[in-house]
Amino acid sequence: MNTPGQNSNAVAELVMGMLVYAVRNFYNGKSGSELMGKKLGLLAFGNVGRNVARIAKGFGMDVYAFDEFVPADKIEEAGVHAVANRDALFETCDVVSLHIPATAETKQSINYAVVNKMHKGGILVNTARKEVINEPELLKLMAERTDLKYITDIMPDADAEFKAFEGRYFATPKKMGAQTEEANINAGLAAANQIADFFKTGNKRFQVNK
């Protein structure tokens, strides 16, 4: 059984926590910057994206989003600026946070050309899937653009190579998106309720293996 949406707040908190860590130069003793006034772009606007937007607005960030499956008016209703496409999101924002699944269309799609559209001092945040990043091309771009930062809770295959960009790269040792006590309890309750509902009504809405 799947537990959609149960842990989206935990992931959103992680995104914003890592982002604060990044803009403060990973607390290395050097002056950092603030999130207030910066433009945050969300690539996909599901449960996690909506929670990231909610928290980011509390920091005074200006939030933008693109999701090909969510109408622009629904994004705007959430107090978020809708943009026309993915490239416009990268061109507009200081920070882009990825929330897309790994599909045939999205795998390796976050590449040199796309990320290079970001503003000077841009930050790429990936708490989605490792496969959506074209690692060789991102490594090439970070070598050329010393202003860019990459933070993720999914350790890249090329972690050792990324570590060469000290002060501009951070990855957690393992996937940390929903690793909180509350999220684990919520996931367990959701799974139990879904199993009970299956035996009671035959509901297979969240069935994973078919």
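Guide: What follows is a short chat about aromatic rings, a helix and a sheet. This is a predicted model, where local features need pLDDT of at least 70, side-chain atom pairs count only at pLDDT 80 or more, and totals for chains, interfaces and linings use all residues. Residues are numbered from 1 along each chain as its sequence is written, and side-chain values use heavy atoms, with hydrogens and water left out.

Visitor: How many aromatic pairs are there?
Guide: There are seven aromatic pairs, where rings of Phe, Tyr and Trp (its six-membered ring) pair if their centres lie within 6.5 Å; planes under 30 degrees apart count as stacked, over 60 as edge-to-face and the rest as tilted. In one of them, Tyr21 and Phe170 have ring centres 5.2 Å apart and planes at 80°, so this pair is edge-to-face.

Visitor: Where in the chain do Tyr21 and Phe170 sit?
Guide: Tyr21 is in helix H1 (residues 8-23) and Phe170 is in strand E7 (residues 169-171), 149 residues apart; helices (H or I, at least four residues) and strands (E, at least two) are DSSP runs, numbered from the N terminus.

Visitor: And which kind of pair do Phe26 and Phe170 make?
Guide: That pair is tilted, because the ring centres of Phe26 and Phe170 are 6.4 Å apart and their planes stand at 35°. Ring pairs also link Tyr21, Phe26, Tyr27 and Phe170 into a cluster.

Visitor: Is Phe26 buried or exposed?
Guide: Phe26 is buried, at 13% relative accessibility, whereas Phe170 is partly exposed at 24% and Tyr21 is partly exposed at 25%. Here buried means under 20% relative accessible area, exposed over 50%, and partly exposed in between (1.4 Å probe, protein chains only).

Visitor: Back to H1, which residues are buried there?
Guide: The buried residues of H1 include Val11, Leu14, Val15, Met18 and Leu19. Just after H1, Asn25 takes a positive phi of about 55°.

Visitor: New topic: what is the strand order in the sheet?
Guide: The open sheet has seven strands in the order E3-E2-E1-E4-E5-E6-E7, with parallel pairing; two strands pair if DSSP finds at least two bridges between them. Strand E3 (81-82) and E7 stand at the edges with a single partner strand each, so one side of each has no neighbour in the sheet.

Visitor: How many bridges join E1 to E4?
Guide: Four bridges join E1 to strand E4 (residues 95-98), and the two run parallel. Leu40 has Val95 in E4 as its bridge partner.
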